[in-house]
Amino acid sequence: MVKLRSYSVYTNQGPYLQINEDDAVVDLKNKLFLIFDGFGGSNIGDAAVEKIRDTILKFYTKIGGDPDSTFPFYYSHKYLIEGNALVNSMHLAHSIIKTENQDKDLSSRGGASCIAATLADSILTTSATGSCSAFLFRRGKLDNIVRPDSLESLSEDSYDIQFRTTPMSGFGLFDDLHLNVKEFKVMTGDLYIFMTDGIYSRVTHKEIKHTLERQDLDDNGKIKELTKLSNQRGNLDNQSTIFLQF
């Protein structure tokens, strides 16, 4: 079984906004990792993220790892129990936010993009919705393993990605919650990276790889370097990153 050797978490309101609608969570006890990019505005997006986060954490810890659990929203033999528990937790959070939004006008409705992940033995299950992105850095190669479900997917080039990060799925957006679920066999030396669009949309894959290969920076320093580079390119959004080093 591959163990998590270290982790780094960064979340900030960014250089312009006064409220941070992002969030990032590492729950070592339950091996649960969450990153959020909220939307809706001050006291709306951040409140939605808080409720989504707390719902996932509370519900997942009730059923994750329990083979006798009942999965009220979803079950697939394709995924581990932990993966099914994660998907059900996210569906429950979506149903709560969607119900709350029904009684509000459009300007008062909140929601969020998210990448959630759970580790069981050596399998990392990710479940994503909206405009967050995940990368795997393994043996010198960087792969974008979870691509954003955003307007970026409709474009044929990577020019000015920051203008095409509008999510096409997410908590509270539509009746159905679209989730991109994947399982990865974790290997010793792997680095898994989760980012919100306040980081990844203004840096290239080559720049991310170059930063990861720098020997003069620890993981916290690498996150700060990528954050600084994004801000130098004109970022005004909230920013969050998680590094999981195995």
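Visitor: What should I keep in mind about the values?

Guide: This is a predicted model, in which local features need pLDDT of at least 70 and side-chain atom pairs count only at pLDDT 80 or more, while totals for chains, interfaces and linings use all residues. Residues are numbered from 1 along each chain as its sequence is written, and side-chain values use heavy atoms, with hydrogens and water left out.

Visitor: Why is Phe194 called buried?

Guide: Buried means under 20% relative accessible area, exposed over 50%, and partly exposed in between, with a 1.4 Å probe and protein chains only. Phe194 has a relative accessible area of 0%, so Phe194 is buried. This residue is found in strand E9 (residues 191-195), where strands (E, at least two residues) and helices (H or I, at least four) are DSSP runs numbered from the N terminus.

Visitor: What does Phe194 touch?

Guide: With contact meaning heavy atoms within 4.5 Å, and residues up to four places away in sequence not counted, the list includes Phe33, Ile35, Ile115, Ala134 and Ile242.

Visitor: What makes Tyr192 and Phe246 an edge-to-face pair?

Guide: Rings of Phe, Tyr and Trp (its six-membered ring) pair if their centres lie within 6.5 Å; planes under 30 degrees apart count as stacked, over 60 as edge-to-face and the rest as tilted. Here the centres are 5.8 Å apart and the planes stand at 90°, so Tyr192 and Phe246 pair edge-to-face. The two are 54 residues apart, with Tyr192 in strand E9 and Phe246 in the segment after strand E10 (239-245). Tyr192 counts as buried because its relative accessibility is 0%, and Phe246 is buried at 0% too. Together with Phe184, they form one aromatic cluster.

Visitor: How do you know that E6 and E9 are paired strands?

Guide: Two strands pair if DSSP finds at least two bridges between them. Strand E6 (residues 133-138) and E9 have five bridges, in the antiparallel sense; in one of them, Ala134 has Phe194 as its partner in E9.

Visitor: What is the strand order of the open sheet that holds E9?

Guide: Its five strands run E1-E10-E9-E6-E7, with antiparallel pairing.

Visitor: Why are E1 and E7 called edge strands?

Guide: Strand E1 (6-12) and strand E7 (141-146) each pair on one side only. Helix H4 (residues 205-212) packs on this sheet, touching E6, E7, E9 and E10, and its direction makes about 125° with that of E7. Such angles run from 0 to 180 degrees between N-to-C directions, using lines fitted to C-alpha atoms, for helices over the stretch in contact.

Visitor: What is the strand order in the other open sheet?

Guide: That sheet, also of five strands, has the order E2-E3-E4-E5-E8 and antiparallel pairing. E2 and E3 share six bridges, and in E3 the bridge partner of Ala24 is Ile35. H1 packs on this sheet through E2, E3 and E4, at about 155° to E3.

Visitor: What makes a set of residues a nonpolar core?

Guide: The members are buried Ala, Val, Leu, Ile, Met, Phe, Trp, Tyr and Cys residues joined through side-chain atoms within 4.5 Å. The largest such core has 27 residues, and those with the most contacts inside it include Leu34, Phe36 and Met90. H1 gives the most to this core, with eight residues. A second, separate core of 22 residues includes Leu119, Ala134, Tyr192 and Ile242.
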